[in-house]
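Welcome! Please take a look at the structure below before reading on.

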Amino acid sequence: MKDFVCNKCGKRHKFFSTIDFGLPKAVVDDLMSGALKSEKAERWMIINQQYFLIKTLIKLPVIGVGNITNLSILAWVTVSKSNFINYIDSLRKESSIEYE
């Protein structure tokens with residue numbers, strides 16, 4: 001949480017600059033109980049070899065909050081298997097570029 005001085009009222013307020021949405025509780029409960037099987041890493045997850053999820057970062061510009069310029073939202077989204085494979089390929093390319 002960050003503080004900022006409001007451009008409208010001149011008072012100091014608290015601002016959550018990053019909001020992290022986890023998986024829905026029902027999904028987490030089923031994963032914990034073993035009802036769903038998963039493979040996962042920090043930025044992706046496959047559930048039951050059927051559902052393909054990617055952790056996304058959405059940045060929204062915020063106007064009028066001083067030095068804070070974006071509201072960042074982390075959320076899981078489902079994608080098709082082909083888009084998931086494209087995403088994993090892009091991660092591999094990023095990591096090979098970083099470490100060469």
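## About the model

The model is predicted: local features need pLDDT of at least 70, side-chain atom pairs count only at pLDDT 80 or more, and totals for chains, interfaces and linings use all residues. Residues are numbered from 1 along each chain as its sequence is written, and side-chain values use heavy atoms, leaving out hydrogens and water.

## Overall fold

The chain has two helices and seven strands, in the order β-β-β-α-β-β-β-β-α along the sequence. Helices here are DSSP runs of H or I with at least four residues, and strands are runs of E with at least two, numbered from the N terminus.

Along the principal axes, the C-alpha atoms fill a box of roughly 55 × 40 × 20 Å. The radius of gyration is 18 Å, whereas a compact globule of 100 residues would have one near 13 Å (taken over C-alpha atoms; the globule rule is 2.2 Å times the number of residues to the power 0.38).

## Inside and outside

Of the 100 residues, 26% count as buried, that is, under 20% relative accessible area, while exposed means over 50% and partly exposed lies in between (1.4 Å probe, protein chains only).

M1 is exposed, because its relative accessible area is 59%.
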